[in-house]
Amino acid sequence: MRLLFVQMQVNAHIGLPGVYTAPWGPKRVHEALGVYRIVPARFVCCMSYAEPSGRIVSAVGVLEGELRNFDSQKAVGSLPFSGFFYPQGSSSSLGTLLREGYIGSHRFLALKSLIKVLS
């Protein structure tokens, strides 16, 4: 049994950076979006479970929100976009929420959905 994990990060309405998150980085995305521009965005995670028999089960987790002014102080380590991604209905950045114990990320939602499909 294997758990395969593929992640796409921020995909604002301008179509960037999509699966090409690493070469972009938050600074470049911030520059492309403009200083005070707020745009709809989402974090998407697809998880697949594969067995040697060939059975494959996949689930997707989507965290809707928007990109706002980038604040590197609010980013969390390996999640640089967390400093200017605000989940839908939240007045705090994802980075701030994660530091406060928030677990409703796109990864969590995908895993929760995969477990539900497998049980």
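## Pairing of the strands

Two strands are said to pair if DSSP finds at least two bridges between them. In this predicted model, strand E2, residues 39-50, and strand E3, residues 56-67, are joined by twelve bridges and run antiparallel. Within this pairing, Val39 has Leu67 in E3 as its bridge partner. E2 and E3 form a hairpin, with five residues lying between the two strands. In the turn, Gly54 has a positive phi of about 105°.

Strand E3 also pairs with strand E4, residues 85-87. These two strands run antiparallel and are joined by three bridges.

## The aromatic pair

A pair of aromatic rings is described by the distance of the centres and the angle of the planes. The model contains one aromatic pair. It is formed by Phe43 and Phe85, whose ring centres are 4.5 Å apart and whose planes stand at 90°. Planes over 60 degrees apart count as edge-to-face, so the pair of Phe43 and Phe85 is placed in that class.

Phe43 belongs to strand E2 and Phe85 to strand E4, so the pair ties together parts that are 42 residues apart in sequence. Both Phe43 and Phe85 are buried.

## The chain as a whole

The protein chain has three helices and four strands. Along the sequence, these elements follow the pattern β-α-β-β-β-α-α.

The protein chain has 119 residues, of which 39% are buried. Among contacts in the chain with a separation of 6 or more, 55% are between residues 24 or more positions apart. The accessible surface of the chain comes to about 7000 Å², and carbon and sulfur atoms account for 58% of that surface.

## Confidence in the model

The average pLDDT of the protein chain is 75, and 60% of the residues score at least 70. Confidence is highest in helix H3, residues 106-118, where the mean is 91. It is lowest in strand E1, residues 2-8, with a mean of 46. Over residues 4-9 the pLDDT is below 50, and this stretch has 22 contacts in the model beyond near neighbours in sequence.

Notes. Residues numbered from 1 in each chain as written. Predicted model: local features only at pLDDT ≥ 70, side-chain atom pairs only at ≥ 80, totals over all residues. Heavy atoms only, no water. Phe/Tyr/Trp six-rings, centres within 6.5 Å; stacked < 30°, edge-to-face > 60°. Buried < 20%, exposed > 50% of the residue type's maximum accessible area, 1.4 Å probe, protein only. Contact = heavy atoms within 4.5 Å. Areas by Shrake-Rupley, 256 points an atom, 1.4 Å probe, with all protein chains shown as cover. pLDDT = per-residue confidence, 0-100.
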